[in-house]
Amino acid sequence: YEARCDEGDHKTQVERALGDGAHFLLGNTHFAFSESAIANNAQRLVHYCCADTDELFDLDYKYVYGVAGSVKRDTHQALTAMALEGSIRRLFVHYTEDFRYATVTCAAAIEHATTVLSQLNPDFKIVSVLKYSSQNVTSVANFFDNVVAEEVMRAGANAVVGCDAEEAGREIAKAFARREHYLKAIFLTWAPLHSGFVSSVGGPEAANHIFTAAHWHPLARGLADTFFGTPVEYAAAFEKEHGFQPDQLHAVASATVLSLAWAIQAAFERCTFVKPSMDAASLLFDPNAIECVDSLGAPLPQKPIGYDLVLKSLAAQSVTTFFGKIEFNRFRRNIAARPLIIQVQSGVNQVVLPVEQASKKIIMPVPRPVSSEESSLIGVLEVDTFIAVVVIVVVAALLLLAAALLLVSHRRMRRQHADRVKSLLVILPEHLQVINLPVHLMDGSWESGKAMLRNSLVALEPLSEVMRAKMAGDSNDPSNTGKNPLHHLMSLGGGTPKRQVSISSPETFSLGWRSSGTTIDNDVEAVYPQDLEHHKPSITQLSNRGSQSPCAIHPSIQIDSMSAHRDVSHLGRACEKQPQQASEGNAISCSQVLDLVWCSKNLQHPSVVPVTGIVWSLPGTSSNMAVLVTECQELGTLTSVMDNHTMELDFVKQVEVAKDLASALAYLHAQDDPQVGQALPYRLSGVMLNKHCRAKLRVPLIALLGTQGSSQKPPKPDVVMPGMKPEASQHELADVFQFGMGVAGMFSAGRSSSSQLSCSNLKTLQQTVEGCALTKSQFHELQFTRGPGMAQLLRECCALDARKRPCFTQICKRLEDAEPEMIRVAQQAACQQCLAATEIHLHSKQSADKLLYELFPAKVAEALKNGQFPDPEPYPCVSLFFSDIVGYTDICSKLATQHVMDMLHRLYSRFDDLATERGLFKVETIGDAYMCAGNLRHPQPDTHAALMADFAFGCCAAANEEPVCLSRPDMGFIHIRVGIHTGPVTGAVVGTLNRRFCLFGD
């Protein structure tokens, strides 16, 4: 506001803004009453940041809101602290009557002290109240020193509450400092908030411990929002932008704008825009511009007005911002905002109340100044300092002793835990009744075996990610013979040995990742920039246990080639590379392998395969292959069922599989201990089906590898996109991608071909949906057979940008919500397919009948259609037409065969049109000869001869208009010879192969 602006000018400006089409007003305290009346009459929202009294909101204007809290509560927390302190009993209150803020604040303080605090502490009372005006201040020299400070001393007050402007507050503080009158607490409004207050009153000694109230401070704790962050972050960003630190007026103004923005966003979150583009006025006031649904997804009974939706959203708003909580009462005033109590400490303003937002502890009562005679020393230290040093030393010694005891106890517990895990998990081979051993398939994967363990059917899962190098001296292996020969370190696929090493330490294992996908070298980062970050060779280092020796970790990276490829050329180069064995990494012992199995065993969920134990070496298998014993799933892997065309999963079972899998992965990625990495292999190869066709996920040990020996959590996305769970890790987002691709492949008709991408069909990438790994045909098929909701969910899951993928908690909810729609769409698709098949059948039958009636007369066609051989039929009088091309043999010698065929096609097409126009029957063509008959198919007893003659003349004219060859105009036009005759003939179908209708007669 300009200094010369008065209320009349401001009223004109507000009316002009509303006339120019302003939809919302953001107001300050200046001229609040007049502009509120104008805006409310115009039915336009005015959102106040700094209205300082309640009178405006007592008018109950429908369109007036305020973010700042009531100033009546500014002194309540400080006064309550004084009353509860105990030694503060005599309170002096002074305030000016010149402006409303000071009058209302101190009047509320007096009321609170006399009605509420007197009940808490009967000894706490107001000894004097001094009211004054600017005329009183100017009429008395040094008014604050000679009147206010003098009155405080005369009343014997030990605490002061003053409500005045900035300049008056500084003078009062200086007056108390000059008088050296000991006050246990001083509360002043407004002045201590200004940056130059400390220096203006004479330095920190005069300003220290003075209280004031503020509605925001950058040091306030426990406040944050997703837009501005914490108060500290807001202040830093504000200073970077404007070059100075923000005060509470800047902060509350920013919070007001943020409140309105969130209200507008929430108002339209369940609405769709009918028009592709519109201006703000249409959005807010046109009832036909939007279509909205209620919380249950049902359309609203009446078309809503956008402006009314914004008002309702603002009235129901309950949010926490960097400024504080915002929640409006029935008078549209923010009742959730709590003022902060600020205290000057060492010359710096600190937040001391409320406690949960305090940056420093409150100092009350103010420490009495200590003279030099009262201080004493112990050696070179003061008494308080010496006591503090002694306490610190004693506490440090006790903490060291406690830490030593905890360390000894921890080691003992670790040993007991290791022995207990070994007894529970390690299964001896003789305890198993093997039904069939695991089978190593040609693609490098393993087919699980089956066995009986304690009268229960179990599955034997080879741990291809845990390969053993046979050694002596490990007590964890019951088959250990104590020998120490040279052994081969096998590759992760269990194939040809790579090199020989001499090992004399206990038996160890190497962990890696194996699936049926394409192997990509570690240096191809451009192919898979987001989802493979956690698969790089820098796997979390595991600490060794005791004297157990380490072994190598082999993070052989396996990915599906449909994942997040931003450049087709990168994928092509990657596919040309040969699989590469990763180099040896950090160490892992057998006990740590048992810990991984123990973590896997503790994962309890209906859709996670239960783990029973581990067999170090199973007779009949490779000697370096550990076998995991799990609950047997009768139908085997989901991929085998999907590839088995004799066992098809119906729609209901497919949906249940997707829901089971999403539920399991949501459970796994919600774990804090253990923290689960990427758990879903390529093409859902780790998903098993039991006899009820319910899906269960076998969690690979590599997914639990990061949980051992490290408390570091998986990396989080740098940016949180709308709809994405803030704590979703890169591991979960990678599993979301695999889930989306696998479920889309399961839902699609061509499962194998649609879910894989080989190097030979890289052109498929050019047909994918924008920003997604799904092909367009897949996406359209999903929309048709599973509904738009399910198709959109899978499209988001397969997004190339991992930050746009939903988390599994959201996927579970959306699957439940989309199930009714999927059932309805599936039923409609089945009906449409049935109708389409019926229509195709009828259309093919009609086409065959039409062709039959074109080749034969009606009676003959009818007999043939009924499976009968037609009898010869005499025709007493028909007209016949014959024609041939003049010089046809010479033309054939000069032209290529295709040009001759083109000439005959053009000529006979003209003849066919002329015959159809006259109702004549085309009998046949042989070479350049064309035969036609009249009064044969259709009765033409009186006109067939004339029609035939007219047809003959028409054929001659048509032939003379057709060039012999379109590319050789020098050969001229076609000339034909024509003959017609009328008489009796007999028609019959001759032969049984390629039957033809022939005419016989003179």
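Me: Where does Gln 317 sit?
Reply: Gln 317 is in a loop of this predicted model. The loop runs between α14 (306–315) and β11 (318–320).

Me: Is Gln 317 buried or exposed?
Reply: Gln 317 counts as buried, because its relative accessibility is 6% and the cut-off for buried is under 20%.

Me: Which side chain makes a polar contact with the side chain of Gln 317?
Reply: That's Ser 259, and the polar contact between the two side chains is 2.5 Å.

Me: Switching topic: how many residues are in the largest nonpolar core?
Reply: There are 74. The members that touch the most others are Leu 638, Leu 665, Leu 668, Phe 739 and Ile 811.

Me: And which helix gives the largest share of this core?
Reply: Helix α19, residues 651–669, with 11 residues.

Me: What is Ile 811 in contact with?
Reply: Setting aside neighbours within four places in sequence, Ile 811 contacts Ala 662, Val 736, Phe 739, Leu 793, Cys 797 and Pro 806. There's also another core lying apart from this one, with 33 residues, including Ala 68, Val 252, Ala 289 and Cys 292.

Me: Which helix gives the most to the patch?
Reply: Helix α15, residues 383–425, which gives 10 residues. Leu 399 lies in α15.

Me: So is Leu 399 buried or exposed?
Reply: Leu 399 counts as exposed, because its relative accessibility is 56% and the cut-off for exposed is over 50%.

Me: Zooming out, how many helices and strands does the protein chain have?
Reply: The chain has 28 helices and 36 strands. Of its 1002 residues, 47% count as buried.

Me: Last one: what share of the contacts with a separation of 6 or more comes from residues 24 or more positions apart?
Reply: In this chain, those residues account for 67% of such contacts.

Conventions:
Residues numbered from 1 in each chain as written. Predicted model: local features only at pLDDT ≥ 70, side-chain atom pairs only at ≥ 80, totals over all residues. Heavy atoms only, no water. Helix = DSSP H or I, 4+ residues; strand = E, 2+ residues; numbered from the N terminus. Buried < 20%, exposed > 50% of the residue type's maximum accessible area, 1.4 Å probe, protein only. Polar contact = N/O pair within 3.5 Å; in protein donor to acceptor, adjacent residues only side chain to side chain. Core = buried A, V, L, I, M, F, W, Y, C linked by side-chain atoms within 4.5 Å. Contact = heavy atoms within 4.5 Å.
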